[in-house]
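Subject: Structure handover

Dear colleague,

Please find the structure below, followed by notes on what was found in it.

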Amino acid sequence: MATVTENLHSALHTRHRAVLPDWLATYYARPIELTHGEGRHVWDAEGRRYLDFFGGILTTMTAHALPEVSAAVAEQAGKILHSSTLYLSHQAVELAERIARLSGIPDARVFFTTSGTEANDTALLLATAYRRSNQILALRNSYHGRSFTSIGVTGNSAWSPTSLSPLQTLYVHGGVRTRGPYARLSDAEFTAACVEDLEDMLGQAGGTVAALIAEPVQGVGGFTSGPDGLLAAFKRVLDRHGILWITDEVQTGWGRTGDNFWGWQAHGQAGPPDILTFAKGVGNGLSMGGVVARAEVMNCLNANSISTFGGSPVTTAGALANLTYLVDHDLQGNARRVGGLLKSRLDAIGAGLGIVREVRGRGLMLGVELVEPGTDTPSAAAASLVLEAAREHGVLIGKGGRSGNALRIAPPLSLTVAEAEEGAAAIEAALRQAQTALEERSAAPQAGRSVL
Ligand code: PMP
């Protein structure tokens, strides 16, 4: 019989479904509410504790309830919540100075927004205004947000609810290394083929192309990427045409990938990007995003533009405290070390399971691609089963990928070795459970039953 606390979630879910949009997906057959967190752990409304390996979509970057961030937010909230971009803000200036320095973009200007979508929207506005063109290059399998412009550069129809767009978008290869027409090529051949595809596309485009927008590691796309240096090879082509490079660092920024502070730095051989967008982790959950661009590009708009909420006193105070903690504690280094360990554990687990096609990613941005056991057929059912089972084993993970068949593992960057081991063991148990369920299901038709 269901207990009183178990009813909390189902009662809330009923109310949720009655008043929120149908297309607003939630995880789990029985969705949960997270009511509080500490470090790398969260608790749900029914009192269950979980290791958080998804961080609210890679957003809880340092830790839950980090005292430094909570104190900065509380202190600022006690002074003034809001003023708008019409007034000076010493926190906004200080945060912009720090991000400009960190960005690697020379003569950088920073504009704060309230989300990644709005950051990309602004980047697209800047690029199209600067280049006087609405033609944009984007990668297949990309995700750049939910606004009318950003879904227009999102190369995944599952996340692009309309084909109407103010932009003309040209999709090129390069985001997915191990599927698609170039999958069997070596890294060097893959890069050469993608460059050839880009040049072919530019030959067909006619007129001016404004920019290429790309995630260095595709997030919603299932933590996939081309080989290191691919975007540098693209940039050499773009530079010949004066086309801008927008790097979408909404998921890959702030040391998440371990090896680099920004994802673009794995592709930095031809110089820095022209425009960088960020969000998610910088605010550790506060509604904070932004755009960095060289001054010439940022200043190209010839009309006013404001953001009422962008760079608010509270979000910038919290982000400053969060960034300070991240840098002072070298969480990028921790992501590299602990992420490396977690990846080797997942590699070993995956090697013994027919359900796992590939373990990929870097730092604390690790993807596990799942298939029907022993085949190469993507299995979204497997990902759903593993997600549910991992929750039962006390770990929250995410999923994604073109076919919804990739697990996304992205804990806060302060993850400890013991937590990585504990999480890996839970994920292993969940994978084994899902594999058994799928094997039973494929044996089931003769028996006339379904276990799903
Ligand atoms: N770009 C990327 C790479 C993202 O992953 C996301 C969000 N998942 C966005 C942009 C949009 O950010 P937001 O949801 O904050 O609008």
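**Findings**

The structure holds 20 salt bridges, a salt bridge being a side-chain nitrogen of Lys or Arg within 4 Å of a carboxyl oxygen of Asp or Glu. This is a predicted model, in which local features need pLDDT of at least 70, side-chain atom pairs count only at pLDDT 80 or more, and totals for chains, interfaces and linings use all residues. Residues are numbered from 1 along each chain as its sequence is written, and side-chain values use heavy atoms, with hydrogens and water left out.

**Domains and their interface**

Domain 1 and domain 2 each bring 33 residues to the contact, where contact means heavy atoms within 4.5 Å.

About 2900 Å² is buried between domain 1 and domain 2, with 51% of it on carbon and sulfur atoms. Buried area here is the accessible area (1.4 Å probe) that two parts lose on being put together, summed over both. On the domain 1 side, Met 61, Arg 362 and Met 365 lose the most area to domain 2, together 28% of what that side buries.

Between the two domains there are 4 salt bridges. The interface also has 20 residue pairs in polar contact, both residues at pLDDT 80 or more. A polar contact is a pair of N or O atoms within 3.5 Å; within protein, one must be able to donate a hydrogen and the other to accept it, and residues adjacent in sequence count only if both atoms are side-chain atoms.

Elements that each supply at least two residues to the side of domain 1 touching domain 2 are helices H2 (55–58) and H11 (331–351), and strands E11 (356–362), E12 (365–370) and E15 (406–409). Helices (H or I, at least four residues) and strands (E, at least two) are DSSP runs, numbered from the N terminus. E11 gives the most to that side, with 5 residues.

**Two salt bridges**

Arg 362 and Asp 228 meet through their side chains in a salt bridge at 2.8 Å, N to O. The pair links distant parts of the chain, 134 residues apart: Arg 362 is in strand E11, and Asp 228 is in the loop between strand E7 (211–214) and helix H8 (230–241). Asp 376 and Arg 179 form another side-chain salt bridge, at 3.5 Å, N to O.

**Ligand**

A backbone N or O atom of Gly 116 lies 2.9 Å from a ligand oxygen atom. For Asp 248, a side-chain N or O atom is 2.8 Å from a nitrogen atom of the ligand; for Lys 280, a side-chain N or O atom is 3.1 Å from a nitrogen atom of the ligand.

Regards
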